[in-house]
Amino acid sequence: NMDSAVKIYTASLDNNGYIPFYNKIEIEYPPENYFEEALLEKGNFIDWVKEISWIGKNNNYRFFIAILPLPFELDKKDMEAIQDIVFEMKKIDNVKVVDEFIEDKSFHDQMLWSDNVHMNPAGSTLFSKRLAISIKSIK
């Protein structure tokens with residue numbers, strides 16, 4: 001309804017473009033097949049990135065992808081799955097991938113997270129500041 005849309009819009013304006021997530025849910029490592037399923041969809045995802053890159057190039061803008069941090073360290077197999085996708089994306093023209101955060105252990109602090117994928121306001125603020133520095137360094 002319109003009231004909830006206005007509340008979401010106002011919250012976003014008041015918080016520099018993001019909506020604070022204040023709930024706290026236990027953080028758990030994803031199920032074993034989570035990243036395997038991501039790899040099964042890899043071809044579709046890479047095709048989508050190529051399409052967006054081509055549209056951007058034809059409309060004079062660059063496609064920027066930030067690989068977000070996680071509240072836990074990935075095991076070797078899962079890290080390799082993500083690195084494989086990142087490697088493929090980095091080969092695409094007109095795409096800039098920032099992947100420095102995926103192994104950033106400072107984001108493993110559970111006090112920065114509300115659940116497995118949502119940072120709380122403290123985590124979002126920290127990430128936004130670090131992402132801004134990364135974006136400024138892009139040539």
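Select D93 and K57 in this predicted model: their side chains meet in a salt bridge, with 2.4 Å from N to O. D93 sits in the loop between α4 and β2, whereas K57 belongs to helix α3, so the bridge links distant parts of the chain, 36 residues apart. D93 counts as partly exposed because its relative accessibility is 48%.

Next, display E73 and K105, whose side chains form a salt bridge of 3.4 Å, N to O. E73 lies in the loop between β1 and α4 and K105 in the loop between β2 and α5; the pair therefore ties together parts 32 residues apart in sequence.

Then move to K91 and E88, a salt bridge with 3.4 Å from N to O. K91 is exposed, at 53% relative accessibility, while E88, at 23%, is partly exposed. The whole structure holds 6 salt bridges.

Beyond its neighbours within four places in sequence, I65 is in contact with V49, M89, V95, K96, V97 and V98.

Finally, inspect the aromatic rings, which form 5 pairs in the structure. F101 and F127 are arranged edge-to-face, at 5.0 Å centre to centre and 75 degrees between the planes. F101 lies in the loop between β2 (95-98) and α5 (121-136) and F127 in helix α5, so this pair ties together parts 26 residues apart in sequence. Both F101 and F127 are buried. Selecting F45, W48 and F63 shows a cluster linked by ring pairs.

Notes. Residues numbered from 1 in each chain as written. Predicted model: local features only at pLDDT ≥ 70, side-chain atom pairs only at ≥ 80, totals over all residues. Heavy atoms only, no water. Phe/Tyr/Trp six-rings, centres within 6.5 Å; stacked < 30°, edge-to-face > 60°. Helix = DSSP H or I, 4+ residues; strand = E, 2+ residues; numbered from the N terminus. Buried < 20%, exposed > 50% of the residue type's maximum accessible area, 1.4 Å probe, protein only. Contact = heavy atoms within 4.5 Å. Salt bridge = Lys/Arg side-chain N within 4 Å of Asp/Glu carboxyl O.
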